[in-house]
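Hi,

Here is the structure you asked about. Please open it alongside this note, as my comments follow directly below.

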Amino acid sequence: MAEPVLELVDVRYRYPTGPEALRGLTLSVAPGERVGLVGPNGAGKSTLLLALAGFVPAEGLIRVAGHTLTRGTARDVRRHLGLVFQDADDQLFMPRVIDDIAFGPVTMGLALEEVQVRVHEALHAVDLEGYETRAPYHLSVGEKRRAALATVLAMRPQILALDEPSANLDPRGRRRLIQLLAGLSSTLLVVGHDLDLILEVCQRTVVIDAGRVAADGPSAEILGNRELLESHGLELPLGLAARM
Amino acid sequence: MHHIMLDQFAAGKTAVHRLDPAGKTVATLAVILGTVLVGRDHFLPLVPLAVALAAYHAAGRTPLPYTLKRLLVVSPFALAVVVLFPILEPGRPVWTFGLGPWTVNVTEEGLVRAGHLAAKFLLSAWATLLLLATTRFQDVLQGLARLRVPRAFVVQLAFLYRYLWILMDEVMRMRQARAARDGGLGPWRVRFQSGVGVLGVLFLRTYDRAERIYWAMAARGFDGRLHAPIQSRMQGKDWLFVAGAVALGCAAVGLDRALYG
Ligand SMILES: Nc1ncnc2c1ncn2[C@@H]1O[C@H](COP(=O)(O)OP(=O)(O)O)[C@@H](O)[C@H]1O
Ligand SMILES: [Mg+2]
């Protein structure tokens, strides 16, 4: 098997003002794999993504695209890890959509022509052509999410990590997102409660509860296991429930 | 959400929009400096500055309501001065009235002083607003960076600008959330108390959000440097514009010296 693109061994983190969010989490992801991360609220899924990018200083081993995460390597790690935050308002901070999408490629030091290519490619991928000069804070929720995704796509990261990407999307926006994710070739981590989306996009699903991996296996198996899901506060995806 | 946008018209295409941002920034500073250096209580030297600003206003096709609204937003400070000076400045009383146990004298000297300060303040604010109305904010930042303004200062300004939006967003969300529950009514005392509580939470929420936005920037490689994807260049017309503005500032000061010695 190929060298894992993502490796976590016994990762722990306690918020200074709160609970122990990660309690010895171990996980390994192969290049090109699409993994759904599911679990009840407060399980530590969002914290896990922050730890991957080095935003919260977790204990344990974290390796991303061949770089072991330390204070000194956080920058290299972030180059390979495209993080899309749960709240798109956190992701978008520039005055215009086009500036926001160009921000990553420009900070990477790419030439102007290359930046333009990346920006247009990303806008096209999320179907936001024509939105270049709009202000991100004046977009609808669905448009904001797509713009947030584009800001990361433009950096062409090896690993894409999305936190609850379909929350608050209408059915059409959700369908569009599923198609978009299914068409990507990078390694994918999708955190979410939208088990139907994960079933369609990810071949593998990891259940996280109380800061640890509680189950790990093919999506069809994990998401079809009513008892397992219910013991972690989840429900069968509608797509599978209908077939039973 | 609807904000009063600072640089709403900055994407226009008039001749003044197309001037170099660094040049426009220097020109704005020259006009403000000229305004500030005009001696106390002297009104005449301010007139050419006002005329020049009006001309720039027209050339940039900046809508008048845009400017007036924003001047109103920044005016509370000026208003405090305008209200206080007439009664604090000693001099010949033009109007005397009783306020509880006090007798208040509105003096002529105070009125002149207040009017002069308000005029200077409004001119400076107007010049700044016009710069922002005809230059995109990130271009102003790049202009400052090219003028060798320290990087830390420029980055602070950039953050300040973004955080202003966050703050306004949070205020609006929280006000909406509260209004949805109390119907915007309730006794004043309760509303005031909840208002104070809201301020505390507002601070924490803004701080949290600011941190997450910083993360979003760092996640995309931000290390405190502003990179300029599009470089602009000072051309003949830009130098001419800056020279004109500097001459204007000097003219105001010169006129001040000539008229009042
Ligand atoms: N900024 C924070 N400060 C303190 N505690 C936090 C913070 N963010 C999350 N937590 C806590 O950490 C735990 C894990 O949260 P989170 O990773 O957001 O869970 P999930 O994304 O799986 O819903 C929860 O108990 C939550 O209350
Ligand atoms: Mg979460």
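Phe97(B) is partly exposed, because its relative accessibility is 28% and that class runs between 20% and 50%. Keep in mind that this is a predicted model.

Trp95(B) is exposed, with a relative accessible area of 52%. The cut-off for that class is over 50%. Trp95(B) and Phe97(B) form an aromatic pair.

Over all chains, the count is 4 aromatic pairs. One of them is Phe55(A) with Trp215(B), which is stacked. Here the centres are 5.4 Å apart, with 15° between the planes.

Where do Phe55(A) and Trp215(B) lie? Phe55(A) is in the loop between helix H1 (45–52) and strand E4 (59–64) of chain A. Trp215(B) is in helix H7 (residues 188–219) of chain B. The pair therefore joins two chains.

Phe55(A) has 10% relative accessibility. Trp215(B) has a relative accessible area of 12%. Each counts as buried because the value is under 20%.

Now chain A as a whole. The chain has 11 helices and 10 strands. Of its 244 residues, 56% are buried. Take the contacts in chain A between residues at least 6 apart in sequence: 61% of these join residues at least 24 apart. Chain A exposes about 10,500 Å², and carbon and sulfur atoms supply 50% of that area.

Best wishes

Definitions and conventions: Residues numbered from 1 in each chain as written. Chains lettered and ligands numbered in written order. Predicted model: local features only at pLDDT ≥ 70, side-chain atom pairs only at ≥ 80, totals over all residues. Heavy atoms only, no water. Phe/Tyr/Trp six-rings, centres within 6.5 Å; stacked < 30°, edge-to-face > 60°. Helix = DSSP H or I, 4+ residues; strand = E, 2+ residues; numbered from the N terminus. Buried < 20%, exposed > 50% of the residue type's maximum accessible area, 1.4 Å probe, protein only. Contact = heavy atoms within 4.5 Å. Areas by Shrake-Rupley, 256 points an atom, 1.4 Å probe, with all protein chains shown as cover.
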